[in-house]
Amino acid sequence: MQHECRITVLETKVFPDLQEKYLADPKSGPCPFFHAGDTFVLKRTPEQDDFYHLMNGKFCGEAWDAVSRYVYTALQGGSIMKGWTNDNRMMITCCNDGTRPVIFKIERIDIPETPEEEEWLSKQNFLNSAEDAYTGEQKMEARQ
């Protein structure tokens with residue numbers, strides 16, 4: 001089975017009060033690199049390896065550093081955030097710019113190559129409910 005990864009920019013945030021207080025340019029504003037709705041589809045094949053080539057400069061280096069581990073997992077067919085999101089093939093994350101973060105949706109795209117893989121995929125349930133979710137509460141209960 002082949003896998004691709006789609007990254008979608010859900011939204012950009014800006015915190016002017018933090019920029020005013022901490023940045024060399026206190027009027028930096030929102031991220032100039034990404035805009036809500038931007039979409040990137042990554043492949044990892046012998047012909048096209050977007051991961052290894054860091055998307056050939058099409059992605060901010062700081063944002064790539066923050067999301068690349070999830071992208072790699074998706075491209076390898078792994079569960080991006082098992083038990084955290086409502087679909088194990090998807091993750092919501094953000095870059096690490098604390099004054100103007102960008103919120104990303106990362107999705108694993110499964111591409112069956114044989115009828116057997118297509119049948120297997122059709123029988124999978126990648127969804128999670130609130131009962132399945134890992135929220136960290138179990139660890140908090142253990143401390144008490």
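**Labels and their cut-offs**

Tutor: Start with the side chain of Arg-108, which reaches the backbone oxygen of Gly-78 at 2.8 Å. This is a predicted model, in which local features need pLDDT of at least 70 and side-chain atom pairs count only at pLDDT 80 or more, while totals for chains, interfaces and linings use all residues. Residues are numbered from 1 along each chain as its sequence is written, and side-chain values use heavy atoms, with hydrogens and water left out.

Student: What makes the link between the side chains of Arg-108 and Asp-110 a polar contact?

Tutor: A polar contact is a pair of N or O atoms within 3.5 Å; within protein, one must be able to donate a hydrogen and the other to accept it, and residues adjacent in sequence count only if both atoms are side-chain atoms. The Arg-108 to Asp-110 contact is 2.7 Å, so it falls within the 3.5 Å limit.

Student: Why is Arg-108 called buried?

Tutor: Buried means under 20% relative accessible area, exposed over 50%, and partly exposed in between (1.4 Å probe, protein chains only). Arg-108 has 10% relative accessibility, so it counts as buried. Arg-108 is found in strand S4; helices (H or I, at least four residues) and strands (E, at least two) are DSSP runs, numbered from the N terminus.

Student: Which of Cys-5 and Cys-31 count as buried?

Tutor: Both: Cys-5 has a relative accessible area of 0%, and Cys-31 is at 12% relative accessibility.

Student: What makes a set of residues a nonpolar core?

Tutor: The members are buried Ala, Val, Leu, Ile, Met, Phe, Trp, Tyr and Cys residues joined through side-chain atoms within 4.5 Å. The largest such core has 24 residues, and those touching the most other members are Ile-7, Phe-34, Phe-59, Val-71, Phe-104 and Ile-106. H2 gives the most to this core, with eight residues.

Student: What is meant by the kink in H2?

Tutor: The bend at a residue is the angle between axes fitted to the seven residues ending there and the seven starting there. In helix H2 (residues 61-75) the kink is about 55°, centred on Val-67.
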